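This briefing goes through a single protein chain by topic. Please keep the sequence and the structure in view while reading.

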Amino acid sequence: MISLQKNSKVTESLQIVQRLAAILFLGYAALIVLFYFLAGEQLHLRESRGNMELPAADSGTVELVFDSAVEQIFTMEIQRLEQIDVQWGTYYRPNAGTVLLELVDLRSGNELLSAAFDAAAITEGGLTTLTAEKPIEGLHKVPLLLRITSPDCQPGSAVSPLMNTQGELEGGALMLNGEPSTGVLCFAVRGTDYIWTGLHYWEFAAAGAFLLLAGLGIVSLRLRQGKRSYVVNAVIAVQKYRFLIRQLISRDFKTKYKRSVLGMFWSFLNPLLTMIVQYFVFSTIFKTGIPNYPAYLLIGIVTFNFFTEASGMALSSIVGNAGLITKVYMPKYIYPLTRVMSSVVNLGISLIPLVIVSLVTGVQFKKSAVLSLFFLCCVIIFSLGVGLLLSAAMVFFRDTQFLWGVLSMIWMYITPIFYPESILSENFRFILRVNPLYHFLKNTRLCILDGISPEPAVYVQCALMALGALVVGALVFRKSQDRFVLYL
């Protein structure tokens with residue numbers, strides 16, 4: 001009889017693995033194709049890390065008349081050259097004539113780009129842009145010559161390219177009227193680079209499918225050998241207690257707004273009112289440097305409010321359900337899980353004012369905005385991991401709730417919610433680099449406000465941070481859960 005029951009459980013578990021495998025593979029295939037479509041060009045190309053910025057001008061070069069020339073030799077680390085900007089001085093007078101910009105490959109002597117500009121249209125400190133119709137490839141670390149001349153400008157009415165007398169370029173040289181000069185021309189070079197992971201996207205997708213298949217195969221093998229599988233046990237538990245899970249989520253959600261006149265409408269109003277208050281407080285300080293500041297601010301408020309609410313509710317999930325835990329058996333991780341899921345309901349409602357404010361303030365939603373859901377899922381997983389850790393700590397150390405109140409406040413201020421990250425000095429940038437919420441928030445804004453997808457590696461980085469928090473929280477919770485009843 002015992003053997004039959006054991007075989008029956010193994011068979012049931014194997015059937016669950018088969019259903020899980022089908023769902024995972026279909027979901028994986030759909031997400032891979034959807035991501036390829038939504039990421040677009042950003043999957044394969046990124047703004048080059050070798051872009052050359054415009055030096056600060058402190059002097060003019062020469063008055064660019066018909067018999068003069070300014071030449072800058074340089075090399076670049078850009079894979080696909082797109083444009084070159086040159087900064088000008090006008091001597092604060094009206095000028096006339098034509099200036100000519102040429103880019104020459106010094107290896108072959110071939111002219112790569114050229115364009116003529118009206119000197120009368122050039123303003124003091126203004127830029128002229130030499131643009132490639134199609135990005136030019138094959139110029140990585142190739143010696144190039146930027147030549148600036150004029151066929152008809154006359155003395156007294158000619159412009160002058162600007163320079164930085166203290167600057168220098170490795171492997172570069174500046175020549176004024178054929179004579180070497182110290183300093184560097186005030187010019188900027190921009191382009192794009194290929195993303196290696198994007199170029200091999202389908203190979204990585206196939207490798208991911210193989211790993212998924214291997215993982216499910218290992219789970220099946222362990223089940224056939226009579227060993228436990230925590231993945232299968234978790235799925236079975238969720239199915240078995242799904243009615244109770246729904247009831248707990250509903251209870252937590254209703255309890256939050258019990259005897260409230262507006263009820264769940266506060267999930268809509270709360271982030272909106274917070275955004276309005278903080279907008280008036282901080283807009284005079286930060287607005288000038290942040291486009292679409294209301295939407296920028298609301299994304300930060302919605303994301304961080306969810307994190308603090310979910311982790312705070314999960315913190316008291318075990319202690320708050322002590323009576324139920326000591327009387328009814330149910331996997332204990334379900335209690336913090338349901339608390340986080342009830343906060344997810346609030347998050348869904350909070351996204352409505354975010355969409356409204358974004359539309360009102362002129363945010364142009366592009367297909368990449370859908371990818372922001374990935375980073376919101378990372379926030380949810382991360383919050384669950386933190387919640388599991390806090391709920392276990394709260395059982396043994398009741399001061400956890402007070403410490404977490406202080407830590408969450410500090411976390412809010414070191415996360416760019418209402419201020420731009422650019423105001424932090426380089427000495428404090430490491431705080432952002434080790435702050436998972438900063439990465440989730442930054443990339444959510446990138447997808448929604450800038451309308452572009454981050455690099456593929458960023459998705460992996462954020463997923464690892466979220467899953468890492470979940471694994472740590474789950475391990476701590478699992479190791480300590482058998483002792484909960486002794487301290488409740």
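A residue is called buried under 20% relative accessible area, exposed over 50%, and partly exposed in between. Met 409, with a relative accessible area of 43%, is therefore partly exposed. The model is predicted. The points below cover helices, surface, aromatic rings, salt bridges and cysteines.

**Helices**

- Helix α7 runs over residues 293–315 and has 23 residues. From its first C-alpha to its last it reaches 33 Å, close to the 33 Å expected at 1.5 Å a residue.
- Of the 23 residues in α7, 20 are buried, so the helix is mostly covered.
- Helix α10 (residues 334–360) has 27 residues, which should span 39 Å at 1.5 Å a residue. The end C-alpha atoms of α10 are 40 Å apart, in agreement with that value.
- Leu 373 belongs to helix α11 (residues 372–396) and is partly exposed at 45% relative accessible area. Its C-alpha atom is separated by 28 Å from that of Val 476, 103 residues apart along the chain.

**Nonpolar surface patch**

- A nonpolar patch on the surface is formed by Phe 397, Leu 403, Val 406, Leu 407, Met 409, Ile 410, Tyr 413 and Ile 414. Together these residues have about 740 Å² of accessible area.
- Met 409, one of the patch residues, is found in helix α12 (residues 400–413).

**Aromatic pairs**

- The count of aromatic pairs comes to 22.
- One of the pairs, Phe 35 with Tyr 459, is edge-to-face, with 4.8 Å centre to centre and 85° between the planes. This pair links distant parts of the chain: Phe 35 is in helix α1 (residues 2–39) and Tyr 459 is in helix α15 (residues 456–480), 424 residues apart.
- Phe 35 and Tyr 459 are both buried.
- Ring pairs link Phe 35 and Tyr 459 into a cluster with Tyr 36, Tyr 201, Trp 202, Phe 374 and Phe 375.

**Salt bridges**

- There are eleven salt bridges.
- Glu 63 bridges to Arg 93, with the closest N and O atoms 2.7 Å apart. Glu 63 sits in the loop between β2 (59–60) and β3 (69–74), and Arg 93 in the loop between β4 (80–89) and β5 (98–105), 30 residues apart.
- Glu 63 is partly exposed at 26%, and Arg 93 is partly exposed at 26%.
- Glu 77 bridges to Lys 141, with the closest N and O atoms 4.0 Å apart. Glu 77 is in the loop between β3 and β4, whereas Lys 141 is in the loop between β7 (127–137) and β8 (144–149), 64 residues apart.
- Glu 77 is partly exposed at 47%, while Lys 141 counts as exposed at 52%.
- Asp 105 forms a salt bridge with Arg 107, the closest N and O atoms being 3.0 Å apart. Asp 105 is buried at 5% relative accessibility, but Arg 107 is exposed at 54%.

**Cysteines**

- The count of disulfides is zero.
- Cys 186 is in no disulfide, and the nearest cysteine sulfur, that of Cys 153, is 19 Å away. Cys 186 is buried at 0% relative accessibility.
- For Cys 378, the closest cysteine sulfur is in Cys 462, at 5.6 Å. A disulfide needs the two sulfur atoms within 2.5 Å, so this separation is too far for a bond. Cys 378 is buried at 4% relative accessibility.

Terms used: Residues are numbered from 1 along each chain as its sequence is written. This is a predicted model: local features need pLDDT of at least 70, side-chain atom pairs count only at pLDDT 80 or more; totals for chains, interfaces and linings use all residues. Side-chain values use heavy atoms; hydrogens and water are left out. Helices (H or I, at least four residues) and strands (E, at least two) are DSSP runs, numbered from the N terminus. The expected span of a helix is 1.5 Å times one less than its number of residues. Buried means under 20% relative accessible area, exposed over 50%, partly exposed in between (1.4 Å probe, protein chains only). Patches are made of residues with over 30% relative accessible area and no salt bridge: like charges are joined within 9 Å, nonpolar side chains (Val, Leu, Ile, Met, Phe, Trp, Tyr) within 5 Å. Accessible areas come from the Shrake-Rupley method with a 1.4 Å probe; for residues, only the protein chains shown count as cover. A salt bridge is a side-chain nitrogen of Lys or Arg within 4 Å of a carboxyl oxygen of Asp or Glu. Rings of Phe, Tyr and Trp (its six-membered ring) pair if their centres lie within 6.5 Å; planes under 30 degrees apart count as stacked, over 60 as edge-to-face and the rest as tilted.
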